[in-house]
Amino acid sequence: MFLEFFYALRAEGVPVAIQEWMMLMKALEMGQHASSLTSFYNLSRACLVKSESYFDSFDRVFAKVFHGVEGEFSVSDELMQWLENPINFVELTEEERAALEMLTSDELMRRYLEILEEQTERHDGGGKWIGTGGRSPFGHGGEHPTGIRVGGTSRNRSAMKVAEDRRYRNYRTDVTLDLRQTKVALKRLRRLTRSGPATELDLDESISETCKNGGEIELVFRPEHRNNVRLLLLMDVGGTMDPHFWPVSRLLTALHEEHGLREFRPYYFHNCVYEQIYEDAWLLQDSAIPTGDLMRHYDERWKVVIVGDAAMHPYELMGLRGNINPRLEAETRGIDWLRRIDDHFQRAVWINPEPPAYWQRSQTANVIRSIFPMFELTVDGIEQAVSALIGARRVAAAG
Amino acid sequence: MSETPHNDEFNHFKGTDGYIASTALMEAVNCAIALERPLLIKGEPGTGKTLLAKHISEALGMPMESWHVKSTSKASEGLYVYDTIQRLNDARFGDGDVGDIRSYIKLGPLGRTFKARQRHVLLIDEIDKADLEFPNDLLLELDEMRFTVMETGEEIAAKERPVLIITSTNEKELPDAFLRRCIFHFIDFPDVELMKQIVDVHHPNLDAALLDQVLIKFYWLRGQNELRKKPSTSELVDWIAALLRSGVTQSRLEAHIPFLGSLLKNEQDTESLLEYTNRGGELPRKWEDLGPKFNQ
């Protein structure tokens, strides 16, 4: 049952390593679980799971694997499985094995089994367990040697209840996107270079210069490490983007508050990028600038993030008069503007607030995906987008 | 057969009078103490991550050493610093004992706890503030609790492995190799019952009806998904202090949220709440108004 738990966690995508598993085993050996399933739940989570974003997966696996453990619970299957553990000698008969266990890790074994049972008081010989086997070592030893702590059980609900509640659903990184998580994801968006005024003491150089100077102290300064990433954000607003207002707004806030960036400029468009792009999110006409100016103002080292659902009528993307604002009839097709942006800037990605299943059905999204790498608006998606912007592919020719 | 020296009363953390810990947290702390592993604490700001170390040190009667990590902190600073500049200066101007390199080796927080005779509680606060590689640079030292001072060849090994509490605010992700060595606990946002106990620690003998009103408003605010920054426990405690000092009555609290500034720290949040009330939006008065989650 325990190994099943381990592999079920891994199958669910929780990164559990042997090292952590051994840590849990050691904790159980020490009696840290205080013989209750709730404690076992807390203990195994503390040892095995290292991020709240996996708590939900952990809860689901826990509920599945230990389902029914709390109620009437037959031990025989689990006992057999436990005995199949490689530390046992397979050739031995049940009886011999039990005797061996009693001699070696009797204590350990008894505690393993105790956790299978919800128990809030002293374990007095385990009649329930013995009932099945008779000779099993688990009846031996009587009381719990360390005295069981019963602290705070009233305030806590049982482990199964907690696990089945799935209270950590909102911490899953592949589902929700809160501001803090977005910021964490964006933190990777940096490329450090030394630039600006020389304010940091260069110790090695100072010593070297001082020696050259015959012991007369000579301090050498150098510029500090600074993030050299400049980010250009092009964001689709209005229409089909309205349902995505909150997640998109959080992304925007996170970007605005990401002071690590060297420079950050947001621009807005509706539906697709055409002749004009807007500095104002309401697309006011006096905030419009020609899209061509973007390419003139910002050199190819700017990283471009386009946020949009990429969903429109195919004509609006590929047609010559695609702009849905009839006053602004376009000479250049939307798709050509997108290609120009991609040609001009070394790195550009598309972040789509719709789920990937939806892009595959959308004709225009598929066309746009052939131009820009497209990522989901989730923490995972943003992380992937950031590595696409920063990573080693398509390395710049200069510095 | 009954040898479990780690689990005795002596090294058992149960919270203190000034710190209410959930059972899960206590178990994580005790597990970390027993296994001699670092305990990594994460959680929303204001849930008492940093305070925990102080109270563990109080409860277990161990001295405490803390290391507040900054964005410029380097792993080696926690072990020791070799003050070259001072030595250079002394050599130039003839002060101090330049010949003895040991007088220029200054132990950092880790070094001091390793060298101490008594078991310490060591807090490494906000480890994620530092460079991404920072935790990796400490792996060996935290595993073996020993290091060598390069300049003198002296080895400093922990006589008593310190109880290591590490907090993280989730600004940067921590490396896997580091995480694998830690016991992890995520401090949940306290539920109403636990919150009442926490408030009681800070403001004892608060009128029950008033406290209910305070908590209804507080949890309602936290339930608003549009908020950019949700109020946390420490803000609640400050808010109650402000309310008490102004002598606010329970009936006034029913229809208003006075001293909003101590709960909401973001201008836009305050504005949208004012807009909501100006539009005639209702504030909750009873627990029933908060929906089924609070009325089980």
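Q: What share of the 399 residues of chain A counts as buried?
A: In this predicted model, 35% of the 399 residues of chain A count as buried. Chain A has 18 helices and nine strands, and residues 24 or more positions apart account for 72% of its contacts with a separation of 6 or more.

Q: What are the corresponding figures for chain B, with its 296 residues?
A: Buried residues make up 32% of chain B, which has 13 helices and nine strands. Among its contacts between residues at least 6 apart in sequence, 75% join residues at least 24 apart.

Q: Which residues make the contact between H2(A) and H3(A)?
A: An α-helix has 3.6 residues a turn, so residues three or four places apart point the same way. The axes of helix H2 (residues 18-29) and helix H3 (residues 37-48) of chain A come within 8 Å and cross at roughly 145°, in a right-handed sense. H2(A) contributes Glu20(A), Met23(A), Leu24(A) and Ala27(A) to the contact, while H3(A) contributes Leu43(A), Ser44(A), Cys47(A) and Leu48(A). Sorted by class, the contact of H2(A) with H3(A) has six nonpolar, one polar and one charged residues.

Q: Why does Ile335(A) count as buried?
A: The test is a count of neighbours, with 20 or more other C-beta atoms within 10 Å as the cut-off. Ile335(A) is buried because 21 other C-beta atoms lie within 10 Å. Ile335(A) is found in helix H15 (residues 334-344) of chain A and, leaving aside residues up to four places away in sequence, touches Leu317(A), Met318(A) and Val367(A).

Q: Which residues of H2(B) are buried, and what covers them?
A: Helix H2 (residues 49-60) of chain B has twelve residues and reaches 17 Å from its first C-alpha to its last, close to the 16 Å expected at 1.5 Å a residue. Its buried residues are Lys49(B), Leu52(B), Ala53(B), His55(B), Ile56(B), Ser57(B) and Ala59(B). Their cover includes helix H1 (23-35) and strands S1 (39-43), S2 (64-68), S5 (121-125), S8 (163-168) and S9 (183-187) of chain B. After H2(B) comes Gly61(B), whose phi is positive, near 65°.

Q: Which residues touch the most other members of the largest nonpolar core?
A: They are Leu39(B), Ile165(B) and Ile183(B), within a core of 69 residues. H1(B) supplies the largest share of this core, nine residues. Not counting residues up to four places away in sequence, the residues that Leu39(B) touches include Ala28(B), Val29(B), Ala32(B), Ile165(B) and Ile183(B). A second, separate core has 49 residues, among them Leu189(A), Met235(A), Trp350(A) and Leu377(A).

Methods: Residues are numbered from 1 along each chain as its sequence is written. Chains are lettered from A and ligands numbered from 1 in the order in which they are written. This is a predicted model: local features need pLDDT of at least 70, side-chain atom pairs count only at pLDDT 80 or more; totals for chains, interfaces and linings use all residues. Helices (H or I, at least four residues) and strands (E, at least two) are DSSP runs, numbered from the N terminus. The expected span of a helix is 1.5 Å times one less than its number of residues. A residue is buried if 20 or more other C-beta atoms lie within 10 Å of its own, exposed if 12 or fewer, and partly exposed in between; C-beta atoms are placed from the backbone. Two residues are in contact if their C-beta atoms, placed from the backbone, lie within 7 Å. A nonpolar core is a set of buried Ala, Val, Leu, Ile, Met, Phe, Trp, Tyr and Cys residues joined through C-beta atoms within 7 Å. Axes are lines fitted to C-alpha atoms, for helices over the stretch in contact, and angles run from 0 to 180 degrees between N-to-C directions. A crossing is left-handed if the near helix is turned anticlockwise from the far one by less than a right angle, and right-handed if clockwise. Ala, Val, Leu, Ile, Met, Phe, Trp, Tyr, Cys and Pro count as nonpolar, Asp, Glu, Lys and Arg as charged, and the others, Gly among them, as polar.
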